[in-house]
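Subject: Handover of a structure and its findings

Dear colleague,

Please find the structure below, together with its sequence.

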Amino acid sequence: MIIIHLKNDTMKNMIGTIIAVVLISSFAHDRSGIQGTIDPPEGAKRIWAVSGKDTVSIIPAPGSFIMDVKPGSWKLVVEAVLPYKNAERESILVTEGQITDVGLIKLTQ
């Protein structure tokens with residue numbers, strides 16, 4: 001058994017994000033959806049995806065997210081925790097059986 005003692009919160013967040021990305025990748029087969037990472041990790045309260053009349057929302061894990069959506073063009077809204085401001089990404093194209101990675105979404109104050 002290996003026990004790792006981490007004193008630094010940044011290191012804990014980085015390891016948590018790496019684990020989340022690995023888990024997300026392993027479960028992403030045959031799914032259509034959107035994934036990405038949030039900086040700072042604790043800055044997102046809720047993430048919304050909107051396409052026409054369809055709306056999907058999730059409460060993200062700190063630092064990363066994945067959400068199942070139907071294929072199509074989506075708008076992503078990251079509802080931020082104060083003092084951060086909400087962030088948006090337009091025209092995210094999701095294809096059948098694929099997870100679209102929107103990359104890093106940096107929240108500003």
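Strands in this message are DSSP runs of E with at least two residues, and helices are runs of H or I with at least four, each kind numbered from the N terminus. In that numbering, Pro83 belongs to the loop that separates strand E5 (72–80) from E6. Please note that the model is a predicted one.

Overall organisation

The protein chain contains 1 helix and 7 strands. The chain has 109 residues, of which 35% count as buried. Where contacts link residues at least 6 apart in sequence, 60% of them join residues at least 24 apart.

The open sheet

Four strands, in the order E3-E2-E5-E6, form an open sheet with antiparallel pairing. Its edges are strand E3 (54–58) and strand E6 (87–94), each of which pairs on one side only. On average, and with direction ignored, neighbouring strands of this sheet are turned by 20° against each other.

Within the sheet, strand E2 (residues 44–51) is joined to E3 in the antiparallel sense over 5 bridges. Ala49 is found opposite Val56 of E3.

Strand E1 and its partners

Strand E1 is mostly covered, with 5 of its 7 residues buried. It has antiparallel pairing with strand E4 (residues 64–68), through 5 bridges. Gln35 has Ile66 as its bridge partner in E4. E1 is also joined to strand E7 (residues 99–106), here by 6 bridges and in parallel. For Ile38, the bridge partner in E7 is Ile105.

Backbone features to check

Most residues other than glycine have a negative phi, and most peptide bonds are trans.

- The peptide bond from Asp39 to Pro40 is cis, and its omega is near 5°. Pro40 is located in the loop between strand E1 (33–39) and E2.
- A cis peptide bond also leads from Leu82 to Pro83, where omega is near 20°. As stated above, Pro83 is in the loop between E5 and E6.
- Ser91 is not a glycine, yet its phi is positive, at about 50°. This residue lies in strand E6. Ser91 counts as exposed because its relative accessible area is 60%, and the cut-off for that class is over 50%.

Side chains

Is Ser51 buried or exposed? Ser51 is buried, because its relative accessibility is 18% and the limit for burial is under 20%. Ser51 is part of strand E2. Its side chain reaches the backbone oxygen of Ser73 at 2.8 Å. With neighbours within four places in sequence left aside, Ser51 is in contact with Ser73 and Trp74.

As for aromatic rings, how many pairs does the count give? The count comes to 0 aromatic pairs, where ring centres would have to lie within 6.5 Å. A charge over a ring does occur: Arg46 lies over the face of Trp48, at 5.7 Å from the ring centre.

Yours sincerely

How values were computed:
Residues numbered from 1 in each chain as written. Predicted model: local features only at pLDDT ≥ 70, side-chain atom pairs only at ≥ 80, totals over all residues. Heavy atoms only, no water. Pairing = 2+ DSSP bridges. Axes fitted to C-alpha atoms, helices over the stretch in contact; angles between N-to-C directions. Buried < 20%, exposed > 50% of the residue type's maximum accessible area, 1.4 Å probe, protein only. Phe/Tyr/Trp six-rings, centres within 6.5 Å; stacked < 30°, edge-to-face > 60°. Lys NZ or Arg CZ within 6 Å of the ring centre and 35° of its normal. Polar contact = N/O pair within 3.5 Å; in protein donor to acceptor, adjacent residues only side chain to side chain. Contact = heavy atoms within 4.5 Å.
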